[in-house]
Structures are given as C-alpha cells and as structure tokens.
4 protein chains.
Amino acid sequence: MNPPGRLTGYVTTQVIVLNGGSSSGKTGIARCLQAILPQPWISISVDDLVDALPPSLMGPSSGIAFGPQGEVAVGYGFREIEAAWMTGVAAMVRAGARIIVDDVFLGGAASQERVRAHLAGLDVLWTGVRCDPEIAVGREIARGDRVSGMAASQAEVVHKGVVYDIEVDTSHAESMDCARAIAASVV
Amino acid sequence: MNPPGRLTGYVTTQVIVLNGGSSSGKTGIARCLQAILPQPWISISVDDLVDALPPSLMGPSSGIAFGPQGEVAVGYGFREIEAAWMTGVAAMVRAGARIIVDDVFLGGAASQERVRAHLAGLDVLWTGVRCDPEIAVGREIARGDRVSGMAASQAEVVHKGVVYDIEVDTSHAESMDCARAIAASVV
Amino acid sequence: MNPPGRLTGYVTTQVIVLNGGSSSGKTGIARCLQAILPQPWISISVDDLVDALPPSLMGPSSGIAFGPQGEVAVGYGFREIEAAWMTGVAAMVRAGARIIVDDVFLGGAASQERVRAHLAGLDVLWTGVRCDPEIAVGREIARGDRVSGMAASQAEVVHKGVVYDIEVDTSHAESMDCARAIAASVV
Amino acid sequence: MNPPGRLTGYVTTQVIVLNGGSSSGKTGIARCLQAILPQPWISISVDDLVDALPPSLMGPSSGIAFGPQGEVAVGYGFREIEAAWMTGVAAMVRAGARIIVDDVFLGGAASQERVRAHLAGLDVLWTGVRCDPEIAVGREIARGDRVSGMAASQAEVVHKGVVYDIEVDTSHAESMDCARAIAASVV
C-alpha cells in the first residue's frame with residue numbers, strides 16, 4: 001500500500017485483499033467491512049470463480065480438484081482462467097469500483113506476487129486473516145459445508161512468505177472486531 | 001457478432017450474452033452450454049453482482065431494490081458499480097477468458113447499448129431467452145426462491161428493441177435443446 | 001387411497017406421496033401444489049432427512065453413500081433412521097398436518113410397502129412423477145447441484161412395481177400443470 | 001432430564017433441545033454434537049419447518065411473518081402446524097431416533113411448556129445457548145443471510161423463565177467447545 005497522499009494528496013484504498021485459509025473467517029470479515037465502511041465496497045471471492053467454472057475445469061487434469069483430505073490441486077487450465085479473472089478484477093477497480101477480494105494464497109509468496117502483478121498501480125491493503133488451525137478445524141465442522149480437511153491443510157501454508165499491511169487473527173476475535181481493525185487501515 | 005473469419009480468417013465467439021426475464025431459464029442454459037461447448041467457458045451473472053453488493057446499495061435510495069410485486073428499481077449507485085463490473089468482464093475476455101454473461105436488460109434496447117459499449121471490439125453472440133409469461137410465472141412458483149412477480153413483470157420488457165443473433169424460447173424446449181441451438185451459432 | 005366418503009361421509013386426502021427419480025421435478029410440483037391447494041400443506045422430502053444425518057451415517061459402512069456415477073447405496077443404519085423418520089411423518093399427519101412427501105423409491109415396490117406400512121390408516125394419494133430419462137439427464141446438468149448420473153440411474157427403477165392413484169409425466173408438461181392434475185385428485 | 005438409571009438402570013438421553021436466539025450459534029453446535037457423539041443423532045430445526053410451509057402460512061394473517069426490524073409474528077395457523085410437527089418429532093424419538101432439536105422459544109417459559117408437553121416421557125437434555133446480544137448482532141452481519149435485527153430482538157427474551165439442564169455461552173467459546181460441554185451431559 002502506498003502511503004496516503006504520497007502523490008496526489010488524496011489517495012484512498014482501492015482494493016482490500018483478504019488472504020487466509022479455508023474457515024479462517026474471511027467471508028464474514030468481508031461482510032462486516034461492507035457494513036461499516038462509509039463507501040460502497042463490493043465483495044468478490046475466488047470461490048465465486050470456482051463456482052463459475054465449467055465441468056471441464058473441475059477435476060484433476062487441468063482444472064481445480066478437491067481431494068478427500070481437503071487438499072486442493074490446481075492445474076494449468078485453472079491458472080489461465082484465474083489470471084484472466086484477476087485482470088478483470090483489476091479493471092473493475094480501475095473503472096472506479098472498490099473491491100474486497102477474498103483469496104487463498106495456496107502458493108504463499110508466489111501467489112501474492114501473481115496477484116500483485118495484476119493489481120500494479122492500484123492502492124492495495126494486503127490483509128492476512130489468521131486462525132489457529134485447531135480452531136479453524138472446529139469451525140469447518142460447525143459450518144458443515146466444506147470438504148473436511150481444508151481448514152487444517154491451508155491454515156499455515158497460505159501465509160508462508162506473504163507480506164501484509166495488516167494482520168488479524170480470528171481465533172479469539174469476532175469478525176466485526178477484525179473488520180474494525182482493518183477499516184482503520186483503509187485510508 | 002462479426003461474420004466468422006471476416007478479418008483474421010480465424011474468429012471465434014468470445015462472449016455469449018444471454019438476455020431474458022427472471023425464471024426464463026438463462027442459468028440452466030448457461031450450465032448446459034458449459035457442459036457441451038468444447039472449450040472452457042466461465043459463466044457470470046448479474047445476480048452475482050447483486051450478491052456482491054454492500055448493504056448500502058441494497059435499497060431504494062441509490063442501489064437496487066426489489067418491490068413486493070417483483071418490480072426492480074435501480075438507482076445511480078448501482079448503475080455506477082454495474083458499469084465498472086461490465087468493464088471488468090470485458091477485460092477478462094480480452095485477457096483470454098470465454099464468458100457467458102447472464103443478464104436482464106431491464107431497460108431493453110438502452111441496456112443492450114450500454115453492454116455493447118463495454119464489449120466493443122469483442123465477438124459477442126447476442127442471445128434472447130424468451131419464455132411465455134404464464135409459463136415463467138409457473139416456474140417462478142416451482143423454484144420457490146425468487147420474489148413472486150419478477151417473472152411476469154420482466155418477461156416482455158427485457159426484449160423490447162433488443163437485437164439478437166439468435167433467440168431461443170424455453171416455453172416448450174428443454175434447457176439442453178436451447179443450449180444446443182446456441183452452441184451451433186458459436187463460431 | 002380410500003374412495004371419498006366411504007366410511008365417514010367426509011374423507012379428505014391427508015398425505016400426497018410424490019415418488020420419482022432425481023431431477024424428475026418432484027420438488028417443483030410440491031411447491032406448486034402448496035400454492036394452489038386451498039388448505040395448508042407442508043412439504044417434506046427424504047432429502048431433508050439426508051441433510052439431517054450425522055457424518056457417521058454419510059458413507060458406505062451403514063449410512064447412505066453417493067457414488068461417482070450417481071449410484072446411491074443405503075445401509076442398515078440409514079434404514080433404521082428412515083423408519084423412525086417415516087413414523088414421525090405419519091404422526092404429524094395423525095396430529096392434523098397435511099403433508100406432501102417427496103420420496104425416491106430406490107427399491108420400487110418394496111419401498112412403497114415400507115412407506116405404506118407407516119402410513120396405515122391414513123388417506124394417501126400415491127403419485128408417480130415420471131420423466132423421460134434423457135430429459136431428466138439434461139435437467140440434472142441444467143440445475144448443476146446434483147451428482148451427475150443420479151437422474152439416469154433412478155428414472156425407471158423407482159417406479160418398478162409401484163402402484164399409483166395418479167401419474168404425471170414432466171417430460172413435456174410444466175410443474176404447475178402436473179400440480180393441477182394432482183390437485184384434482186385431492187379429495 | 002431424569003437422573004440416569006433412575007427407573008430402568010439404563011437410561012440414555014433421547015432428545016437434546018437447543019434453545020437460543022437467532023445467530024446465537026445453535027446450528028454450529030448441533031453439527032459439532034453430531035460429529036463428536038458416539039451414536040447417530042439427527043439434527044432438526046424449527047427453521048426446517050418454516051422452509052416446509054406453504055405460501056399461505058408465510059405472512060401476517062395466520063402464519064409466520066418476519067418484520068423489517070427482525071421481529072417475528074406467529075399466528076394461529078402456524079401454531080397448529082408447529083404442534084403437529086412437534087408431535088411428529090416426539091414420535092421419531094419414540095421410534096428410536098436420537099434427535100437434536102434446534103428451537104427458538106419466542107414465548108420463553110410458555111414455549112418450553114408446549115415443547116415439554118409434546119416430549120412427555122422422553123429423556124430430554126434442555127440446553128440454553130446464550131450469546132451476548134452485541135456479539136450476536138455482529139455475527140448476524142457476518143453471516144449475511146438473516147433478517148437484520150433478529151439477533152438483537154431474540155437474544156434475551158427466548159431464555160425468559162426457561163429452565164435448563166445445561167447452559168453454554170458462545171460469546172467467548174467456540175461451537176466445538178460448547179458441544180463438548182453439552183456432550184458431557186448426555187448420559
């Protein structure tokens with residue numbers, strides 16, 4: 001994130017990237033951010049992209065595949081579509097939309113670099129959403145709509161080498177409290 | 001849609017716009033298209049945008065509002081976001097994604113002009129999805145998850161003055177059959 | 001179903017059993033029946049029971065399991081719970097509720113006998129919901145939320161040896177039209 | 001709940017009633033209970049009943065109505081159906097099913113008496129699920145799928161005069177931890 005006002009005297013955050021493992025609480029934080037931020041922010045998730053995929057990209061050959069233990073395998077076909085999707089998200093921002101992007105950096109720092117390249121020139125608030133793995137596993141069971149095991153396998157790896165402007169930990173804090181902390185960094 | 005091969009000798013459809021009223025069957029056709037088209041197409045709906053909105057844009061002041069009789073009122077705030085969203089969709093296509101856009105041209109020809117401007121230079125297959133209003137009303141009741149009245153109020157008006165490359169009518173045809181007809185026009 | 005008025009001079013249908021394969025259109029018909037029948041009917045599906053199961057009954061050992069080709073395997077543990085559930089549904093009816101039960105007779109006539117035993121003494125309208133297998137497969141693709149293959153594997157087998165008061169075929173009829181035909185048999 | 005073994009030397013809990021306001025965390029606790037209890041428990045919610053209602057019982061005249069501030073109004077028609085439904089739930093238990101019932105005692109002690117009458121003779125674990133109102137309101141915003149205001153208006157009133165075997169408070173405890181505490185009282 002650029003320092004506020006560096007160039008123009010009037011810089012505002014344009015993108016909030018929320019990165020965290022499955023069941024870490026990203027979506028709840030995004031909804032709270034939408035409720036408390038004074039300007040309209042739209043909320044987009046990499047899960048939306050997965051839902052938009054054709055059957056041919058759901059599976060192990062070249063798309064995205066979810067294994068029985070919660071592991072996620074991503075092939076070349078998915079990477080291509082994901083790159084186009086992120087280009088589109090950046091274009092929405094350049095056209096004036098403020099966007100909260102809810103993502104899972106399965107490749108850690110390498111994932112961040114890919115996203116950073118797409119968002120070049122935009123004012124991004126890089127936000128880490130951490131959650132104690134054991135707690136995330138319990139929440140995965142409580143929500144009941146995710147492949148069991150994703151919370152455990154993603155909790156640590158998605159943060160590996162990633163650089164943040166702000167980090168929140170949902171282990172012992174409510175979504176709304178995390179959202180307030182993040183909102184205070186939106187300039 | 002440009003004639004195939006006009007300029008390059010190798011032109012392919014890049015965007016399929018499905019326009020039709022609520023409960024006309026657009027989403028089912030989109031899924032069938034994804035299943036039968038040989039290349040990966042991603043499917044995006046204006047409903048996804050509505051789901052992504054903040055609470056401040058859900059309501060009659062400047063966002064999008066759904067009345068008790070199924071009427072939809074759209075304000076300036078929503079129009080701004082929608083324009084940015086469509087810019088992003090176009091950018092995804094220019095970056096290489098093939099996209100099926102499921103839309104509802106509440107303003108008829110004027111809506112088409114707005115979308116056409118965003119998709120300038122892209123090879124678009126404009127597709128009308130018609131459904132007898134009485135049948136759409138029955139399907140709205142059968143699906144049970146839409147505000148009652150949207151099907152009736154939108155069935156005709158969304159096609160007013162809109163120009164299509166192909167039209168399908170789901171009144172007496174299955175989603176898959178409509179998808180096959182559309183797929184035959186994808187070049 | 002007993003003939004109307006046979007014993008009491010005032011008999012009314014208490015249960016409508018809709019039996020049909022996956023994606024044959026049972027749920028849509030149930031919603032239309034609820035909308036057009038003059039008295040309040042509540043709508044219950046065996047899918048609701050499946051959603052209510054614990055993880056220990058989701059799987060091949062003793063519960064219910066869904067195979068990759070859409071096959072459904074049912075074990076002893078599930079059968080026990082299902083019997084208790086059907087006992088409860090019958091008790092709701094005896095306590096005065098009118099109920100539409102949306103079921104899938106995987107065992108054909110044997111399934112009907114099990115359900116018939118639970119509903120003994122009640123006035124049941126046995127309703128077959130048929131759909132051409134090829135059409136059901138297309139609708140399964142169009143709805144996009146069912147394990148692929150269930151429609152094809154269930155379309156015929158669920159009707160084997162089952163005796164109905166009325167049958168509808170959704171292949172070329174709307175849910176609402178099927179509901180009207182069924183409603184005319186509710187006495 | 002009867003003391004274990006009082007009459008038969010072998011008494012086990014048959015019903016776990018979870019009572020709490022909207023967004024207090026009942027459903028998540030129910031899923032965790034299903035995951036950790038050694039025997040199969042099925043999970044049923046009064047929300048399932050609401051989903052099963054016909055349109056004629058959704059509304060202020062005699063059914064159930066949800067006001068713009070999250071208030072819930074319940075009429076005679078809904079009460080009749082609810083009584084039949086609870087009769088059915090009790091019959092399922094008498095037929096051998098173990099059931100977790102997720103309910104909202106809008107009438108406090110009077111609601112408990114109604115439920116107690118239906119479950120007469122069964123071994124019930126009455127469980128209060130409390131949550132600080134301010135926290136519940138934040139979670140209602142974070143989940144994004146409930147009428148805003150229900151959490152606040154129900155948080156206290158549903159516990160008024162209700163007698164419990166065990167109470168949990170989700171304000172500062174995970175669903176899984178609450179489930180473990182409840183499970184320790186299942187005998």
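A salt bridge is a side-chain nitrogen of Lys or Arg within 4 Å of a carboxyl oxygen of Asp or Glu. In this predicted model, local features need pLDDT of at least 70 and side-chain atom pairs count only at pLDDT 80 or more, while totals for chains, interfaces and linings use all residues; side-chain values use heavy atoms, with hydrogens and water left out. Residues are numbered from 1 along each chain as its sequence is written, and chains are lettered from A and ligands numbered from 1 in the order in which they are written.

Side chains of opposite charge can pair when their charged atoms come close. Over all chains, the count comes to 27 salt bridges. One of them joins R130(C) and E167(C), with 2.6 Å from N to O. R130(C) lies in strand β6 (residues 124-130) of chain C and E167(C) in strand β7 (residues 166-169) of chain C, so this pair ties together parts that are 37 residues apart in sequence. Helices (H or I, at least four residues) and strands (E, at least two) are DSSP runs, numbered from the N terminus. R130(C) counts as partly exposed because its relative accessibility is 30%. E167(C) is also partly exposed, at 44%.

Chain D supplies two further examples. The side chains of D102(D) and K26(D) meet in a salt bridge at 4.0 Å, N to O. D102(D) lies in strand β5 (residues 98-103) of chain D and K26(D) in helix α1 (residues 26-36) of chain D, so the pair ties together parts that are 76 residues apart in sequence. Both D102(D) and K26(D) are buried. The second pair is E113(D) and R116(D), whose salt bridge spans 3.3 Å from N to O. Both residues lie in helix α4 (residues 109-118) of chain D. They are three residues apart, about one turn of the helix. E113(D) is partly exposed because its relative accessible area is 43%. R116(D) is partly exposed as well, at 32%.

Surface patches were examined next. Patches are made of residues with over 30% relative accessible area and no salt bridge; like charges are joined within 9 Å, and nonpolar side chains (Val, Leu, Ile, Met, Phe, Trp, Tyr) within 5 Å. Accessible areas come from the Shrake-Rupley method with a 1.4 Å probe, and for residues only the protein chains shown count as cover. M58(A), F66(A) and V147(A) form a nonpolar patch on the surface. Together they have about 230 Å² of accessible area. M58(A) is found in the loop between α2 (46-52) and β3 (64-66) of chain A. M58(A) counts as partly exposed because its relative accessibility is 37%.

A patch of negative charge gathers D48(A), D51(A), D48(B) and D51(B) on the surface. The place of a charge is taken as NZ of Lys, CZ of Arg, CG of Asp or CD of Glu. Helix α2 of chain A and α2 (46-52) of chain B each supply at least two residues of the negative patch. D51(B) sits in helix α2 of chain B. D51(B) counts as exposed because its relative accessibility is 65%.

Contacts were then considered (heavy atoms within 4.5 Å). Chain A and chain C do not touch, and their nearest C-alpha atoms are 10 Å apart. No contact joins chain B and chain D, whose closest C-alpha atoms also lie 10 Å apart.

Within chain A, A151(A) is placed in helix α6 (residues 150-154). A151(A) counts as buried because its relative accessibility is 1%. Leaving out residues up to four places away in sequence, A151(A) touches S22(A), S23(A), A136(A), V137(A) and E140(A). One of these, S23(A), has a positive phi of about 65° although it is not a glycine. S23(A) lies in the loop between β1 (15-19) and α1 (26-36) of chain A. S23(A) is buried, with a relative accessible area of 7%.

In chain D, H159(D) occupies the loop between α6 (150-154) and β7 (166-169). H159(D) counts as buried because its relative accessibility is 5%. Leaving out residues up to four places away in sequence, H159(D) touches N19(D), G20(D), G128(D), V129(D), R130(D) and Y164(D).

Terms used. Buried means under 20% relative accessible area, exposed over 50%, partly exposed in between (1.4 Å probe, protein chains only). Lys and Arg count as positive and Asp and Glu as negative; His and the chain ends are not counted.
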